[in-house]
Structure formats: C-alpha cells, structure tokens
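User: Can you walk me through this model? I'd like the overall make-up, then a few residues.
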Amino acid sequence: MIYFFNRSSSVNVDCFTFDASVYKFTPIVKASKTVPKWWSNLKPFKPKFNYEDINNKPRSEVNMRNCFGFVELYKKGVVLENWTDISIKTTPEEYRYFYGFGLQPQEHSRNEYGEGFKDYHHIKLSSPWIMKEKTGVQFLFLGAEWSLENYDFKILPGVLQFDFNVGTNVNIMLPAKEKEYHIPIGSPLAHIIPLSEKQVVFKNHLVSDTEFKKLKVHSSASFKGWRSITKLIKRNKDRENQKCPFH
C-alpha cells in the first residue's frame with residue numbers, strides 16, 4: 001500500500017522504487033549523510049597566535065571546514081546515489097557500457113540538442129527511483145560535484161516538479177575521447193534541492209513492479225513533451241471545479 005503525507009506545514013516527497021536491492025543498499029538519503037571523506041578529514045580551524053612574529057597569518061590555516069557555501073549546500077535536500085556498478089568506455093566516435101543490474105541506460109539523439117555539446121556523447125542512467133510531491137514545489141537537480149572529483153564528465157542540471165514529472169534519471173555528457181570510466185555502486189550522483197522555505201521531508205517506499213508502473217508517467221504521448229502535458233494537467237484540475245452545465 002502507498003502512503004502520502006498530508007500535513008500542510010511541510011512539503012512531503014515520497015520516493016518509490018520497485019527494486020528491493022536499491023531500497024536496501026542505495027536509498028535516497030539526506031545530503032548531510034554523503035559529505036565527502038576528504039572534507040570530513042579536514043581539521044577544524046583553531047587560530048594560533050605568535051605575537052613575536054609580525055608576519056604571522058592565522059587565516060592561512062583556514063580550510064573548507066569553514067566554507068559557508070559548502071556547509072549550507074549539504075544541509076539541504078537529498079542525494080541520489082548510483083544504484084549499480086557501471087563501466088563506460090568512450091572513443092571519439094561512440095561509447096560502450098556494462099552495468100550490474102537495474103534499468104538499462106538510454107541515450108538521446110544528437111538532433112535533440114543540435115549544435116550543443118559537439119565534443120560529447122550523451123548517456124542517460126535510468127534511475128530506479130521516482131518521486132511524488134503534491135503541491136508543485138520545484139526542485140533543483142545538480143550533479144554531486146564535490147564527490148565526483150575524479151571524473152571529467154558533466155552531469156546535467158535541471159529543475160524538476162514531482163507533481164507531474166516524477167523521474168530522477170541522470171543525464172551525463174561524456175567527453176568524446178579515448179577513456180574508461182567506472183562509477184561504483186553507492187557513489188553520489190545527483191543532489192536534489194527543494195526550492196522552498198518550508199521543511200521538506202523525504203520518505204522511501206518499496207513497492208511492487210505493478211504499483212511502480214502505475215505511478216510512473218511520461219510525456220512521450222506528445223511531440224512537445226512536458227509543455228503539452230502540463231497544460232493538460234491544468235485543464236483537468238480546472239475541470240474538477242467546474243459545475244455540470246446541465247444542472
């Protein structure tokens with residue numbers, strides 16, 4: 001059975017997967033739980049003064065433990081971690097991949113992004129998670145860059161709205177050159193940040209494959225994608241409030 005929160009004092013996001021291994025091993029997790037190890041290993045700054053040395057500069061010992069932007073970033077939202085080992089080999093002409101389990105990666109035709117990213121290949125990691133939120137709050141979707149220092153690919157950002165567009169797929173641009181990548185299971189991939197001042201609560205759910213398919217919606221029925229679908233959603237909501245013209 002699927003449960004949704006009802007409290008208006010907070011924004012509630014339900015995260016669904018049909019895969020028991022994903023639910024157990026790589027759940028949607030608070031960003032604060034995924035702080036990179038290199039940052040945790042930094043020693044907190046404690047100023048030491050040598051009054052006999054006029055060139056003493058205590059601030060030179062400051063490190064990223066004091067970085068306001070970093071700390072505030074990891075206080076917000078959740079992180080989508082890689083749900084399966086994946087290895088990718090790229091060449092200037094193409095790429096090939098192998099993965100452990102789960103949904104097969106996809107790619108978008110180069111025609112979809114025209115003249116952009118000429119020196120890259122596109123791959124979409126098909127996430128086994130979908131998210132649902134009722135009120136229309138938007139969410140910033142970013143690569144978990146502070147945990148991806150060893151990779152030169154680009155995880156593409158975007159803004160999502162989980163009342164109608166429930167997917168959490170990860171779009172990656174791979175440099176078109178001779179290279180091999182290995183992204184281990186459990187690696188932070190994407191940081192999902194709510195654009196709301198309200199408290200946001202995320203809750204994970206394991207559901208059957210049938211329930212998952214019922215929750216999953218897509219824009220492929222329209223040539224214009226979500227631009228058309230959102231108009232239909234608004235139209236249907238308006239219809240709910242319309243009185244019957246025959247009474």
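Analyst: Here is a quick tour, from the chain down to single residues. This is a predicted model, where local features need pLDDT of at least 70, side-chain atom pairs count only at pLDDT 80 or more, and totals for chains, interfaces and linings use all residues. Residues are numbered from 1 along each chain as its sequence is written, and side-chain values use heavy atoms, with hydrogens and water left out.

User: How many helices and strands does the chain have?
Analyst: 5 helices and 14 strands. These are DSSP runs numbered from the N terminus: helices are H or I, at least four residues, and strands are E, at least two.

User: What share of the residues is buried?
Analyst: 36% of the 247 residues. Buried means under 20% relative accessible area, exposed over 50%, partly exposed in between (1.4 Å probe, protein chains only).

User: Which residues have the most contacts inside the largest nonpolar core?
Analyst: Met131 and Val170, in a core of 33 residues. Such a core joins buried Ala, Val, Leu, Ile, Met, Phe, Trp, Tyr and Cys through side-chain atoms within 4.5 Å.

User: What does Val170 touch?
Analyst: Beyond four places in sequence, its partners include Leu80, Trp83, Phe141 and Leu189. Contact means heavy atoms within 4.5 Å.

User: Switching topic. Is Gln161 buried or exposed?
Analyst: Gln161 counts as buried because its relative accessibility is 19%. Gln161 lies in strand 10, residues 158-161. Leaving aside neighbours within four places, Gln161 contacts Gly136, Val137 and Gln138.

User: And where is Ile185?
Analyst: In the loop between strand 12 (179-183) and strand 13 (188-194). Ile185 is partly exposed, at 37% relative accessible area.
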